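I opened this model to look up its charged pairs and one of its helices. My notes follow.

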Amino acid sequence: MSPLQVHHFSSCPFTGGAARAGYRLHQGLRQQDVDSRWIDGSGTCLANSDIIPLEFPKERPSVARRIRRRHLGDLIRKARRGTANFASNPLGWATPPTFEKLPKPNLWNLHWVANCMDWEVTLPWLTEQAPVVWTLHDLNPLQGIWHYEPSRHEASGLESRVIEMKQRVLKRIPKDRLLFAAPSRWIQDQCQNSPVTAGFPTMHIPYGVDCDIFQPRNSHELRTLFDLPQDAQILGFVAESIHDPRKGLHMLVEALQRLNEKTKITLVTLGGSQLPEFGLP
């Protein structure tokens with residue numbers, strides 16, 4: 001094993017893309033003989049040689065902190081009513097005592113840690129223990145409570161107050177102890193221009209895939225294997241849930257309805273939701 005020890009920290013269940021992408025990185029590092037551990041805060045993983053479930057702290061926080069956390073959670077639930085946007089509480093339950101029993105790593109790699117990591121006390125503590133790389137799987141680390149760019153009615157006073165809190169936390173962290181890894185150039189640009197994370201180093205690191213599995217193959221054989229027509233254009237649509245308006249199903253339907261009826265197109269969808277009938281030709 002390499003002397004480098006990396007601890008990946010995630011609270012996203014493996015039904016989501018953030019955990020899967022982060023875990024692929026973890027597996028790739030282990031294949032390169034890096035001592036990589038997956039710290040799971042989702043409560044959905046069983047312990048094994050490389051996964052360490054994060055245990056809920058036995059010692060309760062102070063009454064004042066519990067009240068503040070609960071109050072903020074109530075405000076967030078109220079803000080989410082009537083919106084498809086996802087929001088999370090930055091005052092999570094995972095505080096430093098939760099991590100102290102773990103072996104000390106040389107590097108932390110944060111992934112999707114919403115509703116788990118306590119921004120105020122845990123993030124500064126983690127950067128004191130070892131440098132932190134935070135992989136941006138969505139926009140939440142760059143904003144307040146929201147995980148996507150808030151609409152006009154979502155950009156409330158609550159959002160501004162949480163942004164100010166995150167700014168105060170990051171001011172306590174030296175710039176050489178925290179780096180944001182951006183899977184796309186777009187989110188790298190968002191990070192560099194965010195009022196929360198501006199000034200911290202960023203690096204464009206695309207998601208990795210197993211090239212032994214994901215590689216170009218003979219299209220004729222694949223169409224035969226999956227019973228797809230040989231003479232049609234194949235259009236793919238991938239979404240964990242097509243009911244999320246940000247996935248763009250409504251734009252896909254509109255585009256298909258504008259096509260000439262003689263155009264031969266086969267729509268292939270991947271995801272966890274059944275595609276409803278839209279009366280397409």
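I started with R77 and D74, whose side chains meet in a salt bridge, 2.3 Å from N to O. This is a predicted model, so I keep that in mind for every value here. I checked where the two sit: they are 3 residues apart in helix α2, so about one helical turn separates them. R77 is exposed, at 51% relative accessible area. D74 is partly exposed, at 40%.

Next I asked how many salt bridges the whole structure holds. My search found 9.

I looked at D231 and K264, a salt bridge with its closest N and O atoms 2.8 Å apart. This pair links distant parts of the chain, 33 residues apart. D231 lies in the loop between α7 and β8, and K264 in the loop between α8 and β9. D231 is exposed, with a relative accessible area of 52%.

I then turned to R37, which forms a salt bridge with D35 at 2.9 Å between the closest N and O atoms. D35 is buried: its relative accessible area is 14%, and the cut-off for buried is under 20%.

I also noted a network of salt bridges linking R65, R68, R69, D118 and E120.

Last, I went to helix α5, residues 157–171. Its 15 residues reach 21 Å from first C-alpha to last, close to the 21 Å expected. I listed its buried residues: L158, E159, V162, I163, M165, K166, V169 and L170. Viewed down the axis of α5, they fall within an arc of 160°, so they line one face of the helix. I looked up what covers them and found α2, α4 and β6 among the elements.

Definitions and conventions:
Residues are numbered from 1 along each chain as its sequence is written. This is a predicted model: local features need pLDDT of at least 70, side-chain atom pairs count only at pLDDT 80 or more; totals for chains, interfaces and linings use all residues. Side-chain values use heavy atoms; hydrogens and water are left out. Helices (H or I, at least four residues) and strands (E, at least two) are DSSP runs, numbered from the N terminus. The expected span of a helix is 1.5 Å times one less than its number of residues. Buried means under 20% relative accessible area, exposed over 50%, partly exposed in between (1.4 Å probe, protein chains only). The arc is that of the directions from the helix axis to the C-beta atoms. Contact means heavy atoms within 4.5 Å. A salt bridge is a side-chain nitrogen of Lys or Arg within 4 Å of a carboxyl oxygen of Asp or Glu.
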